[in-house]
Amino acid sequence: MSPPFIEAFLGDITELPVDAVVNAANSRLAGGGGVDGAIHRAAGVTELRAACATLGGCDPGDAKATPGFALPAPWIIHTVGPVWSGGHKGEPEILASCYRRCLAVADELGARSIAFPAISTGVYGYPPHLAAELAVATVSTAPSDIELVRLVAFDTETHALYLRFLRGGP
Ligand code: AR6
C-alpha cells in the first residue's frame with residue numbers, strides 16, 4: 001500500500017477512462033443537477049436511476065457503488081457531501097469521510113484509478129479553497145490500494161487550488 005499518484009485535472013469527469021468515477025450525489029440518490037446530472041446523462045438516466053433506487057439512499061459521508069453503464073468508467077461511486085452551514089456542524093469531518101469511504105469502496109471493487117469531482121463545492125456551498133485543501137490532505141493520507149487519484153476541477157479556479165495544494169503550498 002504505497003501512496004497514490006495524485007493529479008489535478010481540468011475537465012468533464014464523465015469522459016475519464018478511470019476504474020471509478022465519484023458522483024457528488026444527494027442522500028436519496030435521486031439524481032439532480034451539477035455533476036450528478038452530468039453523470040446520469042452520460043451513464044444513461046434510466047439505467048443509473050434504476051441502479052441507484054436499489055441502494056436505499058446514502059448518508060452524508062458514506063459511499064455506495066453502481067455500474068458505470070455507458071460511461072468509460074466501469075464503476076460509479078456515489079457519495080454525499082455535507083451542506084455547508086458555516087463549518088461548525090461537522091462539515092470537514094463529513095467531507096473527509098466522503099473521500100475516505102470512496103477510496104475504501106474503490107478498494108472493495110478492485111479499482112486502481114479513481115476520479116473525484118470537487119464534492120460539495122457547487123450547490124452544497126462548501127468554500128472551494130477549504131474543500132480543495134481537505135481533498136488533497138485526505139487522499140494523500142488515506143490507506144488504499146488505489147494507484148492513481150484524479151482530482152477533477154470543472155473551473156480554472158478550482159484547478160489552480162488543486163495544483164497549489166498538491167505542490168504543498170499554503
Ligand atoms: N465534471 C466535473 N466536475 C463537475 C461537472 C462535470 N461534468 N459538473 C459540475 N462539476 P455539484 P455538490 C463540478 O453542485 O455541491 C446535485 O443536484 C462543479 O463545478 O455538482 O456536492 C446533487 O444531486 C462543482 O465544482 O455538487 C446534490 O443534490 C462540483 O462539481 C447536490 O447537487 C460539485 O458541484 C450536491 O451538491
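Student: Why is phenylalanine 116 called buried in this predicted model?

Tutor: The relative accessible area of phenylalanine 116 is 0%. Buried means under 20%, so phenylalanine 116 is buried.

Student: What makes phenylalanine 116 and tyrosine 99 an aromatic pair that is tilted?

Tutor: A pair of aromatic rings is described by the distance of the centres and the angle of the planes. For tyrosine 99 and phenylalanine 116 the values are 4.7 Å centre to centre and 45 degrees between the planes.

Student: Where in the chain do tyrosine 99 and phenylalanine 116 lie?

Tutor: Tyrosine 99 is in helix 3 and phenylalanine 116 is in strand 5, 17 residues apart.

Student: Is tyrosine 99 buried or exposed?

Tutor: Tyrosine 99 has a relative accessible area of 1%. The limit for buried is under 20%, so tyrosine 99 is buried.

Student: How many aromatic pairs does the structure hold?

Tutor: There are two aromatic pairs. Tryptophan 84 and tyrosine 126 form one of them, with 4.7 Å centre to centre and 65 degrees between the planes.

Student: Why is the pair of tryptophan 84 and tyrosine 126 called edge-to-face?

Tutor: The angle between the planes is 65 degrees. Planes over 60 degrees apart count as edge-to-face, so the pair has that name. Tryptophan 84 is in the loop between strand 4 and helix 3, while tyrosine 126 is in the loop between strand 5 and helix 4. The two residues are 42 residues apart.

Student: Why does tryptophan 84 count as partly exposed?

Tutor: Tryptophan 84 has 24% relative accessibility. Buried means under 20% and exposed over 50%, with partly exposed in between. Therefore tryptophan 84 counts as partly exposed. Tyrosine 126, at 3%, is under the 20% limit and so is buried.

Student: How do you know that strand 5 and strand 6 pair?

Tutor: Two strands pair if there are at least two bridges between them. Four bridges join strand 5 (residues 113-116) to strand 6 (residues 148-153), so these strands pair. They run parallel. Valine 149 in strand 6 is the bridge partner of isoleucine 114.

Student: In what order do the six strands form the open sheet?

Tutor: The order is 1-6-5-2-4-3, with mixed pairing.

Student: What makes strand 1 and strand 3 edge strands?

Tutor: Strand 1 (5-10) and strand 3 (63-67) each pair on one side only. From one strand to the next, the twist averages 25 degrees.

Key: Residues are numbered from 1 along each chain as its sequence is written. This is a predicted model: local features need pLDDT of at least 70, side-chain atom pairs count only at pLDDT 80 or more; totals for chains, interfaces and linings use all residues. Side-chain values use heavy atoms; hydrogens and water are left out. Axes are lines fitted to C-alpha atoms, for helices over the stretch in contact, and angles run from 0 to 180 degrees between N-to-C directions. Rings of Phe, Tyr and Trp (its six-membered ring) pair if their centres lie within 6.5 Å; planes under 30 degrees apart count as stacked, over 60 as edge-to-face and the rest as tilted. Buried means under 20% relative accessible area, exposed over 50%, partly exposed in between (1.4 Å probe, protein chains only).
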